[in-house]
Amino acid sequence: IMAARPITLGIDLGTTSVKAALLRAAPNEPSGFAVLASCARAARAEAAVESAGAGPQGREQDVSRILQALHECLAALPRQQLRSVVGIGVSGQMHGVMFWKTGQGCEWIEGGTAPVFEPRAVSHLVTWQDGRCSSEFLASLPQPKSHLSVATGFGCATIFWLLKYWKNSPEFLKSYDAAGTIHDYVVAMLCGLPRPLMSDQNAASWGYFNTQSQSWNVEILRSSGFPVHLLPDIAEPGSVAGRTSHIWFEIPEGTEVGVALGDLQASVYSCMAQRTDAVLNISTSVQLAASMPSGFQPGQTPDPTAPVAYFPYFDRTYLGVAASLNGGNVLATFVHMLVQWMADLGLEVEESTVYSRMIQAAVQQRDTHLTITPTVLGERHLPDQLASVTSISSSDLSLGHVTRALCRGIVQNLHSMLPIQQLQEWGVERVMGSGSALSRNEVLKQEVQRAFPLPMSFGQDVDAAVGAALVMLRRHLNQKES
């Protein structure tokens with residue numbers, strides 16, 4: 001009976017690493033699935049910038065390096081299980097853009113164990129971290145008809161920049177007739193698609209896409225000389241983009257491949273067991289996401305000062321997301337400061353020792369009047385805000401007090417962006433906790449439960465590769481039922 005249970009493969013093409021995971025339905029597990037195997041490889045894909053004039057702010061990646069990491073991941077997965085794969089889900093870093101020539105985007109090479117595809121007529125990937133579009137340049141662009149604003153590193157902004165500032169752009173753009181994110185490219189190559197398909201999740205991340213009408217702002221773009229023929233066709237997330245055109249690492253030819261998903265949405269999907277779950281991820285930075293009630297529609301115009309942003313999710317719903325820039329990185333900054341002070345005092349101590357001792361001290365110190373606003377990095381909606389410490393009394397100066405106040409501050413800052421009352425109005429009944437900073441820090445866990453007094457579950461960490469595989473697994477199971 002076990003052999004008959006379907007297996008799906010999930011792939012996440014991240015900024016620094018590539019991940020792959022194999023999932024199988026497991027009716028006895030609380031999540032309904034089991035991860036059979038997973039593998040991650042560093043992409044090491046940073047590349048010198050192709051387009052002159054992007055300056056030191058330019059961030060580009062070499063597509064062949066990303067594919068190499070992907071192939072290394074797949075080669076490390078159990079071949080017997082790959083043979084049983086019935087669907088492939090792909091997600092990846094949002095906002096970025098790469099170009100290729102239809103029909104010449106890759107070449108399938110009969111490799112040692114299996115055919116692999118290698119990029120041919122493709123550009124670099126200009127990633128979401130690219131900073132070439134100055135605020136002056138962005139202000140000169142036409143106003144999008146969308147609830148999401150356009151920032152540097154967004155696909156459409158990057159294409160506008162190439163048109164305006166790169167003298168080779170006419171030749172460059174002539175030599176390509178397709179564009180997409182890196183994950184759209186991989187799906188197109190796997191299936192041999194004549195035109196790339198893009199989910200609204202990724203389209204919204206490029207800018208100039210209206211999520212209500214599910215369409216690009218074609219008129220606005222065309223009147224500004226934008227090469228609209230490069231915009232991909234739109235498909236529903238969770239739908240099938242095509243079928244594999246070759247056998248690939250033992251995965252049979254003709255296997256269904258889902259349209260590529262955004263890594264944010266796939267990560268949340270991996271953790272959100274019920275529509276009524278909120279997902280809280282605290283690693284370097286912090287994300288708190290919840291599924292909006294059905295029928296919710298975001299405002300028509302962007303509001304850069306709003307702390308919550310709304311992104312397309314699945315089944316025409318939206319995710320409400322509060323993304324704070326200040327999370328585990330703030331604790332790391334504090335630890336680094338203490339270690340630096342010690343060194344200035346002529347004492348040497350390991351950061352890991354400081355970290356575990358300060359958490360221990362704060363576990364014992366259940367409460368404090370000390371107040372720390374931890375926003376050393378500002379926030380996207382408050383870029384000029386800095387951190388502060390207030391209500392300092394001589395009785396609240398121990399390491400336990402300060403660490404407790406710092407952890408509370410990180411959680412309170414998030415709560416000020418997306419309060420518990422708001423979550424409850426949206427119908428949230430439980431919080432799923434995830435991320436390295438949360439799992440390793442008992443004090444942060446306590447503070448989360450204090451600020452968000454809902455049932456909490458800490459177990460499954462957010463994982464975009466698992467989410468992408470899960471979308472395809474549920475699709476397959478639903479088809480079998482119907």
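1. Contact here means heavy atoms within 4.5 Å, and buried means under 20% relative accessible area, with exposed over 50% and partly exposed in between (1.4 Å probe, protein chains only). Helices (H or I, at least four residues) and strands (E, at least two) are DSSP runs, numbered from the N terminus.

2. Before going on, a caveat: this is a predicted model, where local features need pLDDT of at least 70 and side-chain atom pairs count only at pLDDT 80 or more, while totals for chains, interfaces and linings use all residues. Residues are numbered from 1 along each chain as its sequence is written, and side-chain values use heavy atoms, with hydrogens and water left out.

3. Back to α11 (residues 351-364). Its 14 residues reach 20 Å from first C-alpha to last, close to the 20 Å expected at 1.5 Å a residue (the expected span being 1.5 Å times one less than the number of residues). The buried ones are Val-354, Tyr-355, Met-358, Ile-359 and Ala-362. They sit on the same side of α11 because their arc around the axis is only 125 degrees, taken from the directions from the helix axis to the C-beta atoms. Ser-352, Arg-357 and Gln-364 are exposed on the other side.

4. On to the rings: there are 20 aromatic pairs in the structure. Rings of Phe, Tyr and Trp (its six-membered ring) pair if their centres lie within 6.5 Å; planes under 30 degrees apart are stacked, over 60 edge-to-face, and the rest tilted. Trp-206 and Trp-216 have ring centres 5.9 Å apart and planes at 45 degrees, so that pair is tilted. Trp-206 is in helix α7 (residues 200-206) and Trp-216 in strand β14 (residues 215-216), so the pair ties together parts 10 residues apart in sequence. Trp-206 is buried at 0% relative accessibility, and Trp-216 is buried at 10%.

5. Also worth a look: ring pairs link Phe-99, Trp-166, Phe-172 and Tyr-176 into a cluster.

6. For charges over rings (NZ of Lys or CZ of Arg within 6 Å of the ring centre and within 35 degrees of the ring normal), Arg-132 lies over the face of Trp-161, 4.8 Å from the ring centre. Lys-445 has its charged end over the ring of Phe-458, also 4.8 Å from the centre.

7. Finally, the domain assignment gives domain 1 (7-266) and domain 2 (277-459), with bounds from an automatic or database assignment. Their C-alpha centres lie 31 Å apart. The contact takes 18 residues from domain 1 and 16 residues from domain 2.
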